[in-house]
Amino acid sequence: MSNPSRSNAGARSLRRLGVIAALFVSVAALPSVLMAQGGTGSIAGTISDQSHVAVAGAQVNVVGTRLGGVSDLEGRYRVSGVPVGTHELRVQRIGQKLQSVAGIDVRSGAESKVDIAVTAAPTSLSAVVVSASRRVEKVTDAPATITSISTEQLDNSVGNSIASAFKEVKGLDFIQVGMTSVAVNARGFNSSFNSRVLFVEDGRISVIPESGLPTGSLTPVSKVDLAGVEVLVGPGSALYGPDAANGVVSTRTKDPRQYPGLTLEVAGGNRGYKDVQGRFAGVTNNLGYKVTGEYQDAKDWENNLSYNVGGSIVAPGTAGSVKEDSLKIPINWKTSVKRGTGALVYYMGDNRASIDAGLSSTNGVAQTSVGRNQLTDWTYNFLQGRYTTPHWYFNAYREQSKSGKSFALNRFAGQQLTAANATLSPDSLRLLADWPSDGRMLAGEVQGNYLVSQALNTAVVFGAQYRDDVVSSDRQWLTDRIKKSDISNKQKGLYAQTTTPVASWLDIVLAGRLDYPTTYDKQFSPKAGVVIKPMPDQAFRATYNRAYKSPTILQTNFFIPDWTSVVSIYGNTDGFTVKNAAGTTVATYKPLVPETNKTLEFGYKGVIAQRLYLDGTYYHSNYENFMSPLAIIANPFTGATATFASPTANPNGIPVNAAGNIVNAAGVTPVMLTYFNTGKATISGVDIGANFYATDKLELRGTLSTVKLSNLEVATALAEATALNAPGTKWTAGATLRDIGPATAGLTFRNYNAYYFRSGSNLGVIPTFGTLDASVNVKVPSMSNALVNLGVSNLFSCTAESVAYVAGTVPANSQIASEQRGCGFNRKHSEMINMPQIGTMVFLGMRLTR
């Protein structure tokens, strides 16, 4: 619901911002107008190496002018607005020798085609990225903290896990949860149910519609089909909209024309790990095709929690509790996934049309803020169509997530312990603890990009997105049980960004996005930046961003009067009032609104002496209207301090008694859980990364990140809503030795300082830990295009085992009473409270490419 005064002020601001958006669109229309004036032509072509492989990220400049461009992922470039006459073209990229082509004749209104082959130089430090500005640019020019994970890094990892690559991403919190499952976050405020980082696959927003969580291990995409991954750390709403508040992870799959042939990878490891995946692709008469498939399973690391009749986690041995391995359907720690994709691509010169589809089915254990879920036959599928030209991109897709026979283990325990359910069968209890869901996302995007040479060679990117999340809980646990129709959450957004090189050493970046959601007020996300380039491949930047995190369908439409016999859970669209036994109001909770953050960043990126790449960022963020995790707002079972909740408005028909207090189906006043906004805070920190080529074969790497929470203001007693949940300091150090005969070897050490984690029922100190990973890749001399990969995670660790907390602390488990610290091989440690400790993981695989 909207505040009228805020809406009126917002309307005035939005009208002004509408003018800005119109100017962006007007600028986008300039190319066709200016090109009609004559007197200029263009130079276009492809850049490749001596093996005829496309070279991306090469800087192309017309000598004597400020005109230029960057080659895209297929090596293509185009420079527009070149004055009529004879010109010289200069091509340079770190890793390749400088190349010049003279005597290029440019005619009015015509395109001069110039293909250029470049020669490799000793080292390659710089990369080309797309995510920061939604266009191809050198990583040193990108106005954001961004890390590119190359095809080579992905191919040299084992199985479907790309964890080894994520571990060294500067600024990224990497959390190893199990044998195959990981979680990532950036710049704090993590949780057990975290959706602060947006995941994008081939331009698709890749989330579970009902919860807003990233698809993660549910993805249908196999590692053998990944061409690259980009990780943008920091706010990204100016171009990506909702849910990119803390960062964006963007993956790109392999094109059939660029990566034809057969790839087969087979891997095995400890704890019964096995993985088989393959890819076949090719092109016939301009028609490209590819198909991928994978099967993976393992026996995951284990621990067993105990629950009471309310479904809450309690200490082992607590009277009236039950452990997960003693449930009538015991917890199953076998994790498995089947996934596959297919694509057809039609090539029309520089244009490309494609249809992609994929499907996965997953089993395993997943954590929530109040317990754990048993995933059983959870399926995820997508269908996508794209059309791309040098200046336009059209994208339409449908995604669907279905929960299968999955259920909540904590809710199952509560139902099993309820006396009235004593005679129910295991499957009947599962039906009382399941959450049938069918979440569909229908989405589309149109994007244009132009280089306006007559406007100081300004690069313009602009677009529009539409998204409709349609969710059904089979009329059971969301408000569709009341409305008798599926929930629909529509979002529309317009965005634009201009990058203007006002001088050869100075770029001005301006961006903005206006989102029109159906469940909360309009949101505007501006971005402004300055990039100063005192010399080639050296850049200093300063940027300002506003980003926001939108409420999910789970947070607004939860509707379970009987989560257990004494617990009710509701989403928050209309607010709640809490009173004590005397009828006095003790707390009010307004309807949920988006959480926002405003961030200033100062950074440097540069290549020094063709050997060292440095990337450092300082950031300062102000957060407001934190969205809480699922939290108790009223508890009638606390004696003299008992509290009772009632809906402030009740359009969904939450059951209440004569006093207006919420009750369950049996008329019992329950413990009440919901979501709400609370407080504000400031965080600041640094993210630093360095890559040094000591020789042509030896690369040394390191990262360092810090984060600090300050100026904390909490509007309620629920401190966990603003819990940082991140290490104050973390660092990595790594080395890779390439091409020592047929072998390449690498080491990575990761160290996280201790920090307190609180998310729902998951409370405790995660002790300081450091782990060493090792990898060896060997090309098999007797087999062409065969690669053997050996990867060992947590080979050597400095950790704390047998951790016990001091009883009775506030907050709970905030002090360690005892621990067994030490360093050695096969030591275990935990990276997520209430999830199993993990130890050494060994993976051995062979990849064949034809």
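So, S802: this one is partly exposed, with a relative accessible area of 47%. It's in strand 51, and its phi is near 55°, a positive value in a residue other than glycine. Keep in mind that what we're looking at is a predicted model.

You'll find D537 in the loop between strand 33 (523-535) and strand 34 (538-549). Buried or exposed, then, for D537? It counts as buried, because its relative accessibility is 17% and the cut-off for buried is under 20%.

A cis peptide bond joins V810 to P811, with omega at about 0°. P811 sits in the loop between strand 51 (786-805) and strand 52 (816-825).

Okay, charges. Searching the whole structure turns up 46 salt bridges, and I'll pick out a few. Take R386 and D356, whose side chains meet at 3.2 Å, N to O. That pair links distant parts of the chain: R386 belongs to strand 26, D356 to strand 25 (residues 351-367), and they're 30 residues apart. Both partners are buried.

Next, E601 with R541: a salt bridge again, closest N and O atoms 3.0 Å apart. E601 is in strand 39 (residues 595-608) and R541 in strand 34, so this bridge ties together parts that are 60 residues apart in sequence. E601 counts as buried at 3% relative accessibility, and R541 is buried as well, at 7%.

Then there's D438 and R440, with 3.5 Å between the closest N and O atoms. Both D438 and R440 are buried. And if you like networks, look at D72, E74, R76, R257 and D350, which salt bridges link together.

One more arginine: R467, in strand 30 (residues 458-472). At 8% relative accessibility it counts as buried. What does the side chain of R467 make a polar contact with? The side chain of D469, at 3.0 Å. Leaving out neighbours within four places in sequence, R467 is in contact with I205, V207, D243, M441, L442, A443, N489, K490 and Q491. For scale, R467 and T65 are 42 Å apart, C-alpha to C-alpha, and 402 residues apart in sequence.

Now the greasy parts. The largest nonpolar core has 39 residues, and the ones touching the most other members are W435, W477, F558 and I569. Which elements supply at least two residues of this core? Quite a list, including helix 6 (409-417), helix 7 (426-433), helix 9 (553-557), strand 26 (372-388) and strand 43 (671-674). If you click on F558 and ignore residues up to four places away in sequence, it touches W477, L478, I553, I569, Y570, G571 and Y675. There's also a second, separate core of 27 residues, with I175, V184, A186 and L226 among them.

Last stop, the surface. L287, L344, Y346, M348, Y387, F394 and V446 make a nonpolar patch of about 570 Å². Strand 24 (residues 334-348) gives the largest share, three residues. M348 is in that strand, and at 33% relative accessibility it counts as partly exposed.

Terms used:
Residues are numbered from 1 along each chain as its sequence is written. This is a predicted model: local features need pLDDT of at least 70, side-chain atom pairs count only at pLDDT 80 or more; totals for chains, interfaces and linings use all residues. Side-chain values use heavy atoms; hydrogens and water are left out. Patches are made of residues with over 30% relative accessible area and no salt bridge: like charges are joined within 9 Å, nonpolar side chains (Val, Leu, Ile, Met, Phe, Trp, Tyr) within 5 Å. Accessible areas come from the Shrake-Rupley method with a 1.4 Å probe; for residues, only the protein chains shown count as cover. A salt bridge is a side-chain nitrogen of Lys or Arg within 4 Å of a carboxyl oxygen of Asp or Glu. Helices (H or I, at least four residues) and strands (E, at least two) are DSSP runs, numbered from the N terminus. Buried means under 20% relative accessible area, exposed over 50%, partly exposed in between (1.4 Å probe, protein chains only). A nonpolar core is a set of buried Ala, Val, Leu, Ile, Met, Phe, Trp, Tyr and Cys residues joined through side-chain atoms within 4.5 Å. Contact means heavy atoms within 4.5 Å. A polar contact is a pair of N or O atoms within 3.5 Å; within protein, one must be able to donate a hydrogen and the other to accept it, and residues adjacent in sequence count only if both atoms are side-chain atoms.
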